[in-house]
Amino acid sequence: MNYKLDFTPVIDGLPNLLLGCLGTFLLAICGMLLAIIIGIGGVALRDSALKPARWLVIAFVELIRNTPFLVQIFFIYFALPLTGIRLDPTPTAIIALGINGGAYAIEIIRGGVQSIPKGQMEAGLALGLHKAQVFRLIILKPALRAIYPSLTSQFVLLTLTTSIASAISAYELTSVSQRIESESFRSFEVYFTVTVFYFVISWLMMRIFALFSARYFKYPVK
């Protein structure tokens, strides 16, 4: 085997790879925010008194969790234009990531909500709070504290899932690496470097989540 390692194309393309990392971060963060909104809203509808709303959320969760993310992003990017809705690759990726992550967030958050004793809800109602206030002030934060590890693990997975957005040419790390590889044919060097970058991104995300947990979800110590 006479293959010789040559990282020159990687070094030359390092500025573009770093910009690709930034694109991955932006996709992940925007997707996470949308997923949280969908997750909290979905839980509120899932436990509402409106039966059609409950069935709609159940159908949404089952549909998203039982179809591949690649098919979902292709549907948004290629099928929706047939209805007159046209989106650029980056907004498409954010929406697809948010929808996919939101379906999982609904079930994770719902599990946390159900772990809260009913006595706390009844106490909030007895104090004259509305159901929305009870949900926001009494249920949501303890529930998020309980499911925070599961939710952050899902978001780290969502960060890695951004690589699939390269299938529609969204600007992120994998799409940048594909361009460098197609020009240099140094597959091992390019994808080895990208692997290291994704590992660093995942580690940074976990550290950020850990700091956030220590700041907002830490139990008080006497």
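**Labels and their cut-offs**

Reply: Helices here are DSSP runs of H or I with at least four residues, strands are E runs of at least two, and both are numbered from the N terminus. This is a predicted model: local features need pLDDT of at least 70, side-chain atom pairs count only at pLDDT 80 or more, and totals for chains, interfaces and linings use all residues. Residues are numbered from 1 along each chain as its sequence is written, and side-chain values use heavy atoms, with hydrogens and water left out.

Me: What does UniProt call residues 21-209?

Reply: The unreviewed entry has "domain: ABC transmembrane type-1" for residues 21-209. UniProt positions follow the numbering used here, feature names are shortened, and annotations may be inferred rather than shown by experiment.

Me: Which residues does UniProt list as "transmembrane region"?

Reply: The unreviewed entry lists 17-43, 55-80, 92-113, 146-170 and 190-212. In the model, residues 17-43 are 100% helix and 0% strand, with end C-alpha atoms 38 Å apart. Residues 92-113 are also 100% helix and 0% strand; their end C-alpha atoms lie 31 Å apart.

Me: What makes cysteine 21 buried, and what is cysteine 30 called?

Reply: Buried means under 20% relative accessible area, exposed over 50%, and partly exposed in between (1.4 Å probe, protein chains only). Cysteine 21 has 10% relative accessibility, so it counts as buried. Cysteine 30 has 33%, so it counts as partly exposed.

Me: Why are H2 and H7 called oblique?

Reply: Helix H2 (residues 14-46) and helix H7 (residues 131-161) pack at about 140°, with axes 11 Å apart. Axes are lines fitted to C-alpha atoms, for helices over the stretch in contact, and angles run from 0 to 180 degrees between N-to-C directions. Under 35 degrees is roughly parallel, over 145 roughly antiparallel, 65 to 115 roughly perpendicular, and the rest oblique. H2 and H7 are therefore oblique to each other. The contact (heavy atoms within 4.5 Å) includes Thr24, Ala28 and Gly31 of H2 and Phe135, Leu140 and Phe155 of H7.

Me: How do you know that H5 and H7 are oblique?

Reply: The axes of helix H5 (residues 89-114) and H7 come within 8 Å and cross at roughly 140°. H5 and H7 are therefore oblique. Among the residues that meet are Leu97, Asn100 and Gly101 in H5 and Phe135, Ile139 and Ala143 in H7.

Me: Is threonine 162 buried or exposed?

Reply: Threonine 162 has 0% relative accessibility, so it counts as buried. Threonine 162 sits in the loop between H7 and helix H8 (173-184). Leaving aside neighbours within four places in sequence, threonine 162 is in contact with Thr24, Leu27, Ala28, Leu97 and Glu172.

Me: What is the label for phenylalanine 185?

Reply: At 65% relative accessibility, phenylalanine 185 counts as exposed. Phenylalanine 185 is in the loop between H8 and helix H9 (187-216). Phenylalanine 185 has a positive phi of about 60° although it is not a glycine.
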